[in-house]
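Dear colleague,

I am passing on the structure below, and after it you will find notes on what was found. Please read them with the coordinates open.

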Amino acid sequence: MTADTDNKDQPKSSGTARYLLALIPLIVFACIAFAVGKVMYDQEVHGTDISAIPSALIGTKAPKLALAPLEGSNLPALTDDAVKGKLTLVNVFASWCIPCRDEHPVLKELAKSGQLNIVAINYKDTSENALRFLGELGNPYNAIGIDPNGSAAIDWGVYGIPESYLVSPDGTILYKQVGPFTPTSLKEGLYPAIAKAQGKPAL
């Protein structure tokens with residue numbers, strides 16, 4: 001009698017387990033859909049800039065820099081000495097990155113302003129392509145370090161490129177921009193961060 005009961009219960013247990021397993025992908029999909037929907041809602045309704053992803057590194061010392069130079073650029077390597085004692089924008093770019101190309105004129109204008117020491121991490125690129133990119137679009141950088149395997153980008157917590165970090169003269173990360181700079185991110189993010197670092201009122 002007991003054996004028969006056990007045999008009858010086994011199919012029910014197996015069926016329940018299969019049902020629960022089948023629900024897992026649906027639950028995962030629902031969570032992803034909810035997250036994406038919230039981001040889109042915040043962007044549309046509240047005007048949230050989805051490129052302004054916070055960084056755990058903000059307020060902490062910047063990672064050490066010891067990257068080899070971009071050969072042929074006639075610029076120094078990207079080391080700690082290249083940023084020490086200067087308000088610096090560290091920009092992560094690559095020649096194959098279309099948003100980097102769109103952002104480049106903004107970096108050139110920032111360089112012209114003389115407010116910032118702008119340096120670059122050339123991410124998973126070839127020297128030939130990077131040199132062609134700079135030759136075509138101009139060079140806003142005072143130093144460039146190559147990061148062919150992306151290890152430096154990992155240290156900096158890079159989500160995707162382009163990505164930029166404002167670093168204080170004492171080496172503290174003050175601000176992070178994920179994605180290309182936009183008029184909104186400049187006005188509401190970078191410019192106030194520069195003004196604060198310089199002890200000036202925000203515009």
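Are Phe-93 and Tyr-141 buried or exposed? Both Phe-93 and Tyr-141 are buried, where buried stands for under 20% relative accessible area, exposed for over 50% and partly exposed for anything in between, computed with a 1.4 Å probe on protein chains only.

Please bear in mind that this is a predicted model, in which local features need pLDDT of at least 70 and side-chain atom pairs count only at pLDDT 80 or more, whereas totals for chains, interfaces and linings use all residues. Residues are numbered from 1 along each chain as its sequence is written, and side-chain values use heavy atoms, with hydrogens and water left out.

The strand S4 (residues 117-123) has seven of its seven residues buried, so it is largely enclosed by the rest of the structure; strands here are DSSP runs of E with at least two residues, helices are runs of H or I with at least four, and both are numbered from the N terminus. On one side of S4 the buried residues are Asn-117, Val-119, Ile-121 and Tyr-123, and on the other they are Ile-118, Ala-120 and Asn-122.

S4 pairs in the parallel sense with strand S3 (residues 88-93) over six bridges and, again in the parallel sense, with strand S5 (residues 143-147) over five bridges, pairing being assigned if DSSP finds at least two bridges between two strands. Ile-121 stands opposite Val-92, and its bridge partner in S5 is Gly-145. From S4 the chain crosses through helix H3 (residues 127-137) to S5 in a right-handed β-α-β crossover, that is, one whose path from the first strand over the helix to the second runs clockwise with the strands pointing away from the viewer.

Turning to the rings, a search of the whole structure finds four aromatic pairs, for which the ring centres of Phe, Tyr or Trp (its six-membered ring) must lie within 6.5 Å, with planes under 30 degrees apart counted as stacked, over 60 as edge-to-face and the rest as tilted. The rings of Phe-93 and Tyr-141 have centres 5.2 Å apart and planes at 25°, so this pair is stacked. Because Phe-93 lies in strand S3 and Tyr-141 in the loop between H3 and S5, the pair ties together parts that are 48 residues apart in sequence. The rings of Trp-96 and Tyr-123 have centres 6.3 Å apart and planes at 50°, so that pair is tilted. Trp-96 is partly exposed at 47% relative accessible area, while Tyr-123 is buried at 17%.

With best regards
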